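Colleague: I would like to learn how to read helix packing and backbone angles in a model. Please take me through it.

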Amino acid sequence: MKSLKTILLATTLTAGLGFFMGTTDAHADSLYTVKTGDTLSTISQQFSGDNSLIDLIAKDNKITNINMIFEGEELVIRTAEEAGKDATPVQATAAPVQEAAVQAEPAAPAQEATTAPATTSSAKEWIAQKESSGSYAATNGRYIGRYQLDASYLNGDYSEANQERVADSYVAGRYGSWEAAQAFWMANGWY
């Protein structure tokens, strides 16, 4: 019985100490290690519930391009209250974490939501990178090429020029613009 009390007391004290030492005060800086799939937006969401910390995180960590953070990078996170309310809400999300290895052919489209559309060429390139890592030779079942178009759309012509032409036509017809296609992709994980 004495050993059971000792175990319970030790467990309670350890848990209490762990809780006391392991939790952070809502007003204390946090050190966060970036994981694959993280964006400044998802990190801000995790710490504040919205995108209000994106600019503050970028400023505190001297990030010049909010669309580029790297796996393993350690970021200091402060809340807007700690910074004297110098963080402002941001509507856009940040780009995905850059992974060390480049995938030759994707098994399936990635599921993380990332950057907000900027220009047609950047939205188009963003989709190409998500769909095929930019490879015109990528295949995934019946989906072919840089934009992972259904093979029936390409009519047997898998040339780079035809892939570009068909992709532009598909996006214009279905979404109206590459920016709208990117927004749809971000919401659904495909376009």
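Modeller: Start with the elements: helices (H or I, at least four residues) and strands (E, at least two) are DSSP runs, numbered from the N terminus. This is a predicted model, where local features need pLDDT of at least 70, side-chain atom pairs count only at pLDDT 80 or more, and totals for chains, interfaces and linings use all residues. Residues are numbered from 1 along each chain as its sequence is written, and side-chain values use heavy atoms, with hydrogens and water left out.

Colleague: What follows H7?

Modeller: Gly 189 does, and its phi is positive, near 80°.

Colleague: Which residues of helix H7 are buried?

Modeller: Buried means under 20% relative accessible area, exposed over 50%, partly exposed in between (1.4 Å probe, protein chains only). In H7, residues 178-188, the buried ones are Trp 178, Ala 181, Gln 182, Trp 185 and Met 186. They lie on the same side of H7 because they cover an arc of only 140° around the axis, taken from the directions from the helix axis to the C-beta atoms. An α-helix has 3.6 residues a turn, so residues three or four places apart point the same way.

Colleague: What do the buried residues of H7 pack against?

Modeller: Helix H4 (120-132) and helix H6 (160-174), with contact meaning heavy atoms within 4.5 Å.

Colleague: How should I read phi in other residues?

Modeller: Most residues other than glycine have a negative phi. Ser 133 has a positive one, near 55°; Ser 133 sits in the loop between H4 and strand E3 (139-140) and is partly exposed, at 26% relative accessible area. Asn 155, also not a glycine, has a positive phi of about 50°.

Colleague: Where is Asn 155, and is Asn 155 buried or exposed?

Modeller: Asn 155 is in the loop between helix H5 (151-154) and H6, and is exposed, with a relative accessible area of 68%.
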